[in-house]
Amino acid sequence: MKSEVLLKSRPLLITSWQSALVITLAGLLLRLIGLGSRPLWFDETISAVYAHQDIPTLLQLNAGDNHPPGYYLALKAWITLFGSSDAVVRLLSVWPGVVSIWLVWVIGKRLFPARPGIALAATALTALSPFQVYFSQEARNYSFLELFVLLAFYCWLLGLEENRWWQWLGLAIAGTLGLFCNFTTAFYLAALGFYPFIQFKLYWQRGVLQRLVLTGALTGLFSGILLLPKLTSRLDTIKGNFWIPQPDPLIILRTFYTFIFGAIQAERFVLAFGLALVILIITAAQVIPPLLRGKNAAGLRIAAWMLVTPLGLITVVSLLFQPLYLDKALIACSPFYYLLIGWAIFNPQRQKSGGWLLAAVPVIVAILLALAALPELYTGIINPLYIARYDAPRINRYLNEQSQPGDIVVTATDISWLPLHYYNPGLIPPKYPIKEYPDPNIFPALIKQVGSEWLPEKQIGARTNRFWVVFEINRAEGDLATPPANTTLSTEPAWLHSPDWQRQTLAHFESQYRRLKAVMLDRILLVLYESKNP
């Protein structure tokens with residue numbers, strides 16, 4: 001009888017495994033498309049600039065950065081081996097993103113062994129979501145954050161069940177590597193640490209809590225040793241670079257839209273947000289009742305815990321101490337949301353009643369809509385939230401063609417300065433960030449290292465008679481590929497960010513200098529001025 005059961009179940013297991021492999025390969029393909037089709041944006045250029053330095057200089061520059069040095073050191077080794085084109089720089093982030101797809105399958109099977117459909121649904125969402133695709137391509141540490149959190153979670157899950165030393169050691173190693181790449185790992189590790197205390201007596205008797213506490217101590221010790229110089233030398237500078245707003249209910253709700261879509265065309269946003277809201281409501285309606293009943297819901301409880309607890313901890317810290325809430329920093333929460341969506345579709349009650357279609361149809365429509373947005377996400381026509389991205393090489397070509405000898409370029413924000421400088425080093429006209437910018441993301445060591453300088457507003461006129469000022473503006477997606485468009489500035493531009501500062505800066509130059517030309521190009525406003533009394 002036993003062999004008969006095994007024989008009957010084997011085709012399903014093989015089919016599920018093969019399906020997961022096909023989904024993972026599809027995710028790999030989506031992450032390889034368009035790697036070099038858009039220029040590096042501000043944060044990515046920081047990664048590239050760091051990686052081009054020797055290790056002592058890299059660590060010195062990183063001292064005032066918001067992130068640990070782990071990813072930058074890995075990127076340095078990567079470009080040393082394979083080159084530093086935009087596609088190669090981004091390729092490093094692809095591999096952890098792809099491994100994460102497979103880990104979601106493995107974790108889903110472990111949490112819901114009787115229902116492989118749940119794991120397959122979560123694997124498909126991880127592979128296909130533009131949110132996941134984008135951050136598996138971006139030259140930043142977020143795909144590494146997700147990978148190390150999922151590895152730590154898997155070791156933790158095995159440790160709760162089997163309590164072997166190698167499993168806790170794996171948790172310690174994955175947690176340390178995660179912290180060395182992104183500080184947000186701490187919130188996920190805290191969630192792993194808190195959970196067993198809900199069933200304190202059980203896990204104490206089994207010896208799990210003792211080993212978990214020791215694992216936490218080792219992780220803290222190893223990561224502390226690695227990160228101590230950074231945390232003690234420049235903690236105030238790092239804190240001062242955080243520009244993130246405090247979370248509110250709408251921002252938190254938007255996170256669940258982001259997990260599915262990442263970004264979408266403006267004219268489709270209302271539809272996408274509506275679909276995301278429907279998926280969230282259906283998922284919550286299916287997940288909450290069995291959690292409250294507490295019967296046969298261990299996997300469901302753990303998945304919900306790993307979605308809600310890190311998100312909640314980051315929200316509390318953001319409200320009480322320092323704003324830290326970013327959708328991309330919650331990337332390691334998203335696979336657990338995908339697992340809950342899979343539960344909403346494939347739970348036993350839904351299967352019996354045929355109600356699984358009610359949950360499945362919005363998800364299928366949402367994924368198709370999201371995939372339709374991928375081409376424009378690859379090229380940079382649409383952006384995820386908080387991404388100030390534009391075509392720096394194109395802007396540099398225009399400036400090079402239109403400038404005269406002696407012209408300089410000053411940027412109203414340092415976010416616009418670094419990509420322009422990175423893609424046009426040493427060529428005319430030279431680029432300088434305005435010193436008075438109130439929220440600098442670039443600290444002096446980096447400006448000095450790349451051979452530039454902060455230029456105070458009062459010195460611009462003394463440096464040259466003609467200069468260009470670069471402002472960052474919002475433009476309709478359909479206007480981004482159009483030729484440079486002259487503007488009279490008769491209406492106020494739609495500022496991309498720092499509106500008060502950019503508005504004030506424009507007013508200052510308008511009053512002090514003679515405007516020769518104003519041009520909108522991509523997401524940039526270029527204004528050419530000359531002194532009134534040359």
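This is a predicted model: local features need pLDDT of at least 70, side-chain atom pairs count only at pLDDT 80 or more; totals for chains, interfaces and linings use all residues.

Biologist: How many helices and strands are in the chain?

Modeller: The chain holds 24 helices and six strands. These are DSSP runs numbered from the N terminus: helices are H or I with at least four residues, and strands are E with at least two.

Biologist: What makes the chain as compact as a globular protein of that length?

Modeller: The globule rule is 2.2 Å times the number of residues to the power 0.38, and the radius of gyration is taken over C-alpha atoms. For 534 residues the rule gives 24 Å, and the radius of gyration of the chain is 25 Å, close to that value, so the chain is as compact as a globular protein of that length. Along the principal axes, the C-alpha atoms fill a box of roughly 95 × 50 × 45 Å.

Biologist: Which share of the residues is buried?

Modeller: Buried residues make up 55% of the 534 residues. The term means under 20% relative accessible area, with exposed over 50% and partly exposed in between, using a 1.4 Å probe and protein chains only.

Biologist: Why is Asn163 called buried?

Modeller: Asn163 has 12% relative accessibility and therefore counts as buried. Asn163 sits in the loop between α8 (142-162) and α9 (165-181), and its phi is near 55°, a positive value in a residue other than glycine.

Biologist: Why does Leu489 receive the label buried?

Modeller: The relative accessible area of Leu489 is 18%, so Leu489 is buried. Leu489 belongs to the loop between β4 (485-486) and α24 (499-512); although not a glycine, Leu489 has a positive phi of about 60°.

Biologist: How do you know that Thr283 is buried, and which residues is Thr283 in contact with?

Modeller: Thr283, in helix α15 (residues 269-293), has a relative accessible area of 4% and is therefore buried. Neighbours within four places in sequence aside, Thr283 is in contact (heavy atoms within 4.5 Å) with Tyr337, Leu340, Ile341 and Ala344.

Biologist: What makes the pairing of the sheet mixed?

Modeller: Two strands pair if DSSP finds at least two bridges between them. Strands β1 and β3 (residues 466-472) pair in the parallel sense over four bridges, whereas seven bridges join β3 to β6 (residues 524-531), and these strands run antiparallel. The six strands form an open sheet in the order β2-β1-β3-β6-β5-β4, with mixed pairing.

Biologist: Why are β2 and β4 called edge strands?

Modeller: Each of β2 and β4 pairs on one side only. Strand β2 (residues 431-433) runs parallel to β1, joined by three bridges, and Lys431 in β2 stands opposite Val409.

Biologist: Which way do the residues of β1 point?

Modeller: In strand β1 (residues 408-411), Ile408 and Val410 point one way and Val409 and Thr411 the other way, and all are buried. In a regular strand the side chains alternate between the two faces of the sheet. The bridge partner of Ile408 in β3 is Phe467.

Methods. Residues are numbered from 1 along each chain as its sequence is written. Side-chain values use heavy atoms; hydrogens and water are left out.
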